[in-house]
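Try each task before you look at its solution.

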Amino acid sequence: MTRDEECADDERADDERADTVDARLAARLAELRAERGWSLGELAERSGVSRSTLSRAERAETSPTAAVLNRLCAVYGRTMSRLLGEVEGEPAPLVRAAEQAVWEDRTGGFVRRSVSPPHAGLRGELVEGRLAAGADIAYDRPPVPGLEQHVWLLEGALEITAGDVRHALAAGDCLRMRVWGPTRFRCAGTETARYALAVVLP
């Protein structure tokens, strides 16, 4: 098998894992709303996400963007990692690279790999994020107020705005913060920005 064929196989495997996660995520979102007895209209009012977007997300007709998912996490009192962890199967002590769940916001140019998913008894999570050149993702609130985040930029250039403060990160830089308000992640360079994100519940 050639190197190109191996890469194509890897990409197909990633796509299959992403599709499976999207389907389970849709079912979990519908389940969370049903548990609370909310209509789509009520959830739309609470989250600020349109009823049609919520409906399509719950039917797996579309994968929610990172910003939409963040709003839903805030309503349901979960971090994004926690919500995705609920649909990624039982966590194991050792998470092999090939088993790490990948979720993609195709609209926003954001790819998220759950390197160390949430685990019972642990407060920390580790995520790998990739933002395409020019990608700009804004979150209007943290899923959990006071959430502790450590962003270590591995490749590229990244601009992170927390509240009114903007930070420009170069490869190797690490930004540490507690998140109380809006944040924005922007790939400031001409190449993909790749970073490690450590998340610790307050």
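The model is predicted, so local features need pLDDT of at least 70, side-chain atom pairs count only at pLDDT 80 or more, and totals for chains, interfaces and linings use all residues. Residues are numbered from 1 along each chain as its sequence is written, and side-chain values use heavy atoms, with hydrogens and water left out.

**Exercise 1.** Find which residues of helix α3 are buried and why they sit on the same side.

Step 1: α3 spans residues 51-58; helices here are DSSP runs (H or I, at least four residues), strands are runs of E with at least two, and both are numbered from the N terminus.
Step 2: L54, S55, A57 and E58 are buried (under 20% relative accessible area, 1.4 Å probe, protein chains only).
Step 3: They share a side of α3 because they cover an arc of only 165 degrees around the axis, taken from the directions from the helix axis to the C-beta atoms.

**Exercise 2.** Work out which strands pair with β10.

Step 1: Pairing takes at least two DSSP bridges between two strands.
Step 2: β3 (residues 124-131) runs antiparallel to β10 (residues 193-200), joined by 8 bridges, and L126 stands opposite A198.
Step 3: β5 (residues 147-155) also pairs with β10 in the antiparallel sense, over 7 bridges, with W152 partnering A196.

**Exercise 3.** List the residues with which α2 and α4 meet.

Step 1: From α2, take L43, R46 and S47.
Step 2: From α4, take R71, L72, V75 and Y76; contact means heavy atoms within 4.5 Å.

How values were computed. Buried means under 20% relative accessible area, exposed over 50%, partly exposed in between (1.4 Å probe, protein chains only).
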